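Take a look at the chain below. This report covers charged side-chain pairs first, then a sheet and its helix.

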Amino acid sequence: MNTPPTIDGLTPSALVTPLSAAELADTLAQAAADGLKVAPIGGGTALALGNPPERVDLALSTLALNGVLDYEPSDLVLSVAAGARFADVQALLAGHGQTLPLDPPGDAAATIGGLIATALAGPRRLGSGTLRDLLIGIAVAHPAGIVTKSGGMVVKNVTGFDLPRLYHGSLGTLGVIVSANLKVLPRARAEATLIARVVALDDALAAADRVRASRLRPVALEAALVDGAWFAAVRLEGRPATVATLAAEAAGLLESDTETLHGTDSAAWWRRYVAHQAVHAAPDEALLRFAVRPRATADLVRAVLRAVDGSGAIPRAVMASVGVGTVIVRAALDPEGAAATLSSLTATISPIADHVTVIAAPPAWKRGLDVWGGAPQTLDVMRALKSHFDPERVLNPGRFAGRI
C-alpha cells in the first residue's frame, strides 16, 4: 500500500506505515499536536464499514507490525502483532494442528487488528463464536503517544479481561490495536458440508430448522439465496468417523437432493460463500445485516424480504445464519432516491430486528444516516474511553456508533 486509500469518498493527504508500536504511538501524538484526523488501516478489506468519516487527513497502516510475538502451541495461546494477516496466522497454526476457528469475509488479506476492530464474523460463528471469544489480551496505541495493555497470555487471566473485548468492534475509534493475545483451538481432523438445493425460502428455512432441532451440532448452518438459487447448507467438523455419521444423519434431515463436500472442497465452498459478505458495494447496491434472537430468524428473514420487495430493491444475495439470528442481504437499489430508500428500509426493519446495520453502501447514500442503527449498550463506556484517551477525536471521527 503506497498511496492513501479512499475511505467512503474521502482520500487522506498522506499514508504512513510505522515500523513499531512505539513509532505508531509517536505518529498519533504528532497528528494530535498538528490537529490532524487519522484513519487506521489494516488489510484494507473493510474500508466501506461505518459512517462516512467527518474528516480524514492521514491514513495510518499497521501492515509493518506483522510478526508473531509469542506462540506456545502446548498452551494454546498466541501473541501476534496487529498487522499480521489472518491467512498467514492460520498457516502457522495449521503446522501445529491448530486454528483460529473463524471464517470472516476478506480473510486472505484481512489483518488480526482489522478483524478485532471491525468484529466481522462469518457463518461459523454458530459453532465457534467470534474473535471476541478468543481475545485474552491486547495492546493499543493512543493519540497521547502512549501504548496501553490489558489482559495477558493466560486463558484464565481475568485482570482487564473486559477491556480487550471492548475494543472488539470499536472500528479504531478508541485507539489503534498494535498487538493481540489469542487463545487458539485444535484443528478438526475432518469436515463435511451438505448443500440442499431447494425451490423457495420456506423450504430452505424448514430444512435448516430440522437440522437445528436435531442432535447435530454444526459449526455453520445457513439458509440462503445466492446466484438466483435457494439452498440450505450445513457444515460439520470432528473426527472422520463422527463426521461421516453426522453427515448421513444430516442428509436425511435435509429431505432433498443434497450435495456433500469433504475436506478441502468443503472449506473452499465456504470461502466462496463468505465472499458474498465482503465489505464492499457496487454503485447500485447496499449490504445490510439484521440480527435477532435465533428462534426468530425465520420471521426476520421473511420480514426483511417483504421490506426489500416493498422498497423496490432487488435482493442479489440473502444469507441467514439460522442458529445465530443474523440475516445479511446484498440488494440492488435504484440510484434515483436510493438514500431515501435505504433510510426507509432500515427504519421499517428496526422495530422487528434487535440490530440493523448498513455494512456497505455508496457514501452519498449513507450521509445523514447512522449506519449502526441503535447504540450499543457499551456506548457510554466507549464515550468515556474516547474522552480520556482521544479528547481531540483524532481517530476515525464520526465513523462508529453514536458518531464518536
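Arginine 215 is exposed, with a relative accessible area of 57%. Exposed means over 50% relative accessible area, buried means under 20%, and partly exposed lies in between (1.4 Å probe, protein chains only). This is a predicted model: local features need pLDDT of at least 70, side-chain atom pairs count only at pLDDT 80 or more, and totals for chains, interfaces and linings use all residues. Residues are numbered from 1 along each chain as its sequence is written, and side-chain values use heavy atoms, with hydrogens and water left out.

**Salt bridges**

What does arginine 215 meet in a salt bridge? Its partner is glutamate 249, at 2.8 Å from N to O. A salt bridge is a side-chain nitrogen of Lys or Arg within 4 Å of a carboxyl oxygen of Asp or Glu. This pair links distant parts of the chain, 34 residues apart. Arginine 215 sits in the loop between α7 and β12 (220-226), and glutamate 249 lies in helix α8. Helices (H or I, at least four residues) and strands (E, at least two) are DSSP runs, numbered from the N terminus. Glutamate 249 is partly exposed, at 26%.

A search of the whole structure finds 14 salt bridges. Here are three of them.

| Pair | N to O distance |
|---|---|
| Arginine 215 and glutamate 249 | 2.8 Å |
| Glutamate 255 and arginine 210 | 3.6 Å |
| Glutamate 54 and arginine 393 | 3.0 Å |

The glutamate 54 and arginine 393 pair spans 339 residues. Glutamate 54 is in the loop between β2 (38-41) and β3 (58-61), while arginine 393 is in the segment after α13 (379-389). Arginine 393 has 26% relative accessibility, so it counts as partly exposed.

Glutamate 255 is exposed, at 58% relative accessibility. Arginine 210 is partly exposed, at 27%.

Some charged residues form a network of salt bridges: Asp284, Glu285, Arg316 and Arg330.

**The sheet**

Five strands form an open sheet in the order β4-β5-β9-β7-β8, with antiparallel pairing. Two strands pair if DSSP finds at least two bridges between them. The edge strands, β4 (68-72) and β8 (147-151), each pair on one side only.

How many bridges join β7 (residues 135-141) to β8? There are five, and the two strands run antiparallel. Alanine 139 stands opposite lysine 149 in β8.

Helix α1 (residues 21-33) packs on the sheet, touching β7, β8 and β9 (176-183). Contact means heavy atoms within 4.5 Å. The direction of α1 makes about 145° with that of β9. Axes are lines fitted to C-alpha atoms, for helices over the stretch in contact, and angles run from 0 to 180 degrees between N-to-C directions.
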